[in-house]
Amino acid sequence: MRPPSPSIPEKEFLLSALKQGLRLDSREFFDIRPVTLTFGPELGWVECSLGKTRVLTQVEAKMVRPPPDRPFEGFITIHSEISPMASSEYELGRPSEEEVTITQMLDKVIRRSDVVDKESLCILSGQRVWHLRLNVHCLSDAGNLLDCACLAGIVALKHFRRPDVEVIGEEVIVHEPTSRAPIPLSLHHNPYCFTFAFYSDTSINPVLDPNLLEQRLNGGLISIALNAQRELCVVQKSGGVPLEPADILKIVNVAVQKAKDMDAFVEARLQEDWEGRKIEVR
Amino acid sequence: MSLNLTLSFDSLSRVDGSARFGFGPHPQYLSSISGPIEVRLNAEQSSQATIEVHVRPLTNVPGTESKKAAVILKDILQMEVIVEANPRTLIQFVVQALIPTPKLTDELVAAMINCCTLSLLNSGSVPMRGVICAVSIARVSSLDGKKPVYRTQPMEEHNSRVLATGCFAFLFSDSFSSNTYAATCVWTNWHTVYNRSIEAIDEDDLVRARDAAQKAAREVWIRMKMLVEERERPGVKASKTLVSRSTDESQKADATDDDDKMEI
């Protein structure tokens, strides 16, 4: 079902407010909404909310035979589908533009930028490797599902612990979590995605983390994925309105600062959650 | 027997109602409802609302188990929602599993039903015939071999002794107080466990199982009412017993005071 477009009064109000430097939810132009991370009882289950936008992710690992062209590496697959729970405008079986964007970006940010060290997922080369599956469920779309999904995906990978495996000759023994503590995934880096919306009226500055109305009325979106070490992973621009190079550099600098803050926040939350789980090491 | 339940209203922003439910300390399902909303032309029914249910597992694409659950839920929700009240509209349910569900057990079916009921209560936009609560019951072989024992929420250690199992859904509607209420069993899938039981199910067995289930379902119903009470009156701490009629009278008096205070 096609979403009802924002009405003309809404559009005029938003654009004139943005021209005056005001956002409707009283945030600054480069403020993101409050982020909350909720961890589930199982390791690798995270519910991330960016304001009212919510995404649930879960990581699971299976042992499989690797493809013959890459016998030394495990692999990761990302499954994301938006259900009508996120909004009744999404239909199952018919990927909307938003869904396609999210799938492609998640692929680029998490899979193609080599977040997970795939060689560490190898158990017995040519015979057994770990196949990680990241399931992303979008629970509520209140604007900027993409950033929320990427954040939830990275946090889930950081939270997940895989079972400890021992290889003796050709025999593979998988230890239960109760007998040997599961081990965390080996991640090369932690990219975070930041989306900016800009408008056809070029006097309006780009806004970070657009909410639903801001996203609907955008003249273009630019998403930047980078890690806290100032390394850019993905820069994706969609929408027709052209951006000046100076604007893009300004946006990148803002994103760098936000990535550092986000990284610190995520680490603090993970630490807090880990302390809450009583793991007895015998 | 007091059940260990987790239930809460959620606050998903793009749907009309949402809730979580689980048998045990953690929620098993999150469900959402949107309705009555616009319906596609090919699904439109001229004299009643169309009910659409989507069941989504946590891992993997929805497959045959999810489709089976969706069909069961649609039948039950058809009885719970007054569909004639909103013709030519759509009432859309989405049930998202929060735990891995490799097999569709009776307990999970019961949890899904309760979750949908809770989200209907949360939305308030869809007229309901009553509140449907479901529990799963198992008949275990009793240790003394005589009287059959019915247990809710079969634990792992009972698995080898389970002879018959099933989920029962009851439609509850209140009359004056929670002491007098009407409960009808609207759906069940009571069946013997394959290859385990020597004797077949007879009518007496079904009636006994249903009675045991009704007691347990009533507990679920009472917990749901307590949740609604907490939501409606957040200042008042949810009491163990539900509000009686006398407090309703005092609430009416408060309302008239407010009217007097308003100056128009």
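## Domains of chain B

Chain B is divided into domain 1 (1–128) and domain 2 (130–264), with bounds that come from an automatic or database domain assignment. The structure is a predicted model, in which local features need pLDDT of at least 70 and side-chain atom pairs count only at pLDDT 80 or more, while totals for chains, interfaces and linings use all residues. Residues are numbered from 1 along each chain as its sequence is written, chains are lettered from A and ligands numbered from 1 in the order in which they are written, and side-chain values use heavy atoms, with hydrogens and water left out.

## The interface between the two domains

In chain B, 26 residues of domain 1 are in contact with 27 residues of domain 2, where contact means heavy atoms within 4.5 Å. Domain 1 and domain 2 of chain B bury about 2,400 Å² between them, and carbon and sulfur atoms give 66% of this area. Buried area is the accessible area (1.4 Å probe) that two parts lose on being put together, summed over both.

Between these two domains of chain B the count of salt bridges is zero; a salt bridge is a side-chain nitrogen of Lys or Arg within 4 Å of a carboxyl oxygen of Asp or Glu. Seven residue pairs (both at pLDDT 80 or more) are in polar contact across the interface of domain 1 and domain 2 of chain B. A polar contact is a pair of N or O atoms within 3.5 Å; within protein, one must be able to donate a hydrogen and the other to accept it, and residues adjacent in sequence count only if both atoms are side-chain atoms.

On the side of domain 1 of chain B that touches domain 2, two or more residues come from each of strand 1 (5–9), strand 2 (17–23), helix 1 (64–80) and helix 2 (106–123) of chain B. Helix 2 of chain B gives the largest share, 10 residues. Helices (H or I, at least four residues) and strands (E, at least two) are DSSP runs, numbered from the N terminus.

## The interface between chains A and B

The contact between the chains takes 28 residues from chain A and 26 residues from chain B. About 2,300 Å² is buried between chain B and chain A, 56% of it on carbon and sulfur atoms. B:Arg14, B:Arg56 and B:Leu58 supply 30% of the area that chain B buries against chain A, more than any other three residues.

Four salt bridges are found across the interface of chain B and chain A. B:Arg56 and A:Glu81 meet through their side chains in a salt bridge (3.4 Å, N to O). The interface of chain B and chain A also has 11 residue pairs in polar contact (both at pLDDT 80 or more). Strand 3 (29–37), strand 4 (50–56) and strand 5 (90–97) of chain B each supply at least two residues of the side that touches chain A, and strand 3 of chain B gives the largest share, five residues.

## A salt bridge within chain A

Over all chains, the structure holds 26 salt bridges. A:Arg33 and A:Asp209 form a salt bridge, their closest N and O atoms being 3.0 Å apart. A:Arg33 lies in the loop between helix 1 (8–19) and strand 1 (35–39) of chain A, and A:Asp209 in the loop between strand 12 (207–208) and helix 4 (212–216) of chain A, so the pair ties together parts that are 176 residues apart in sequence.
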